[in-house]
Amino acid sequence: MTQTSCCSLLSSSAHQGLSRRGFVRLAALGGTAALLASFAPRASLAAGNTEAMLLSCMDFRLMDDIAKYMDSRFLTNNYDHVVLAGASLGALNEASPAWGQTFWDHLDIALKLHHIKNVMVMDHRDCGAYKVLIGPEHMKDAASEKELHAWNLQRLRQKIKERHPALGVELLLMDIEGKVEAIA
């Protein structure tokens, strides 16, 4: 291949999203055949089988801990993630019924598009949404806080099972340091 044709191919490939480094890597791995194969149409990676859909709270303090937890469960890039303030409470709260509808719509799409097998619902301690929507007096100590989360998590599990009996449902409660406990 001449320098001119190589440069025009590089220029063309750059317009199609291949960087100079990517071009060099492809050329080193097999030249023209590998380069041409890289531009062949591919099936979308979005459709297919995904292990789970996770519902968690929007609390920014815990986003990294949630990702670490999911990674520790070997679910990296193998779950859909829906975020609602209060997690289970957000999906059930009557003050904002659109939140619940959002959860159900996402669940239906996850089933149709990704064929999920499980729903994981992760509430967390010291949740601002619980304090705003229910009131801080219901979370006066760790035991009553856990009891309130467990009650909402179990209610949501029951509703999920009513609509989708074949789905597994896992209930989780994360503390503010990122430690997760299962809720029966």
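Mentor: Before we start, contact here means heavy atoms within 4.5 Å. Keep in mind that this is a predicted model.

Trainee: Got it. Which strands are included in what covers the buried residues of H3?

Mentor: Start with the residues being covered: in helix H3 (residues 63-72), the buried ones are Asp65, Ile66, Tyr69 and Met70. Their cover includes five strands: E1 (52-56), E2 (79-83), E3 (118-124), E4 (168-174) and E5 (180-183).

Trainee: How do the buried residues of H3 fall when seen down its axis?

Mentor: Look along the axis of H3 and its buried residues lie within an arc of 135°. So they line one face of the helix.

Trainee: And which exposed residues does the face of H3 turned away from its buried side carry?

Mentor: Exposed means over 50% relative accessible area. On the face of H3 turned away from the buried side, the residues that qualify are Asp64 and Lys68.

Trainee: Over to the helix pair: are H5 and H7 parallel, perpendicular or oblique?

Mentor: The axes of H5 (residues 97-114) and H7 (residues 142-163) come within 13 Å and cross at roughly 45°. Angles under 35 degrees would count as roughly parallel, and 65 to 115 as roughly perpendicular. That makes H5, relative to H7, oblique.

Trainee: How many nonpolar, polar and charged residues does the contact of H5 with H7 have?

Mentor: From H5 you've got Phe103, Trp104 and Leu107, and they meet Leu156, Lys159, Ile160 and Arg163 in H7. Sorted by class, the contact of H5 with H7 comes out as five nonpolar, no polar and two charged residues.

Technical notes
Residues are numbered from 1 along each chain as its sequence is written. This is a predicted model: local features need pLDDT of at least 70, side-chain atom pairs count only at pLDDT 80 or more; totals for chains, interfaces and linings use all residues. Side-chain values use heavy atoms; hydrogens and water are left out. Axes are lines fitted to C-alpha atoms, for helices over the stretch in contact, and angles run from 0 to 180 degrees between N-to-C directions. Helices (H or I, at least four residues) and strands (E, at least two) are DSSP runs, numbered from the N terminus. Angles under 35 degrees count as roughly parallel, over 145 as roughly antiparallel, 65 to 115 as roughly perpendicular and the rest as oblique. Ala, Val, Leu, Ile, Met, Phe, Trp, Tyr, Cys and Pro count as nonpolar, Asp, Glu, Lys and Arg as charged, and the others, Gly among them, as polar. Buried means under 20% relative accessible area, exposed over 50%, partly exposed in between (1.4 Å probe, protein chains only). The arc is that of the directions from the helix axis to the C-beta atoms.
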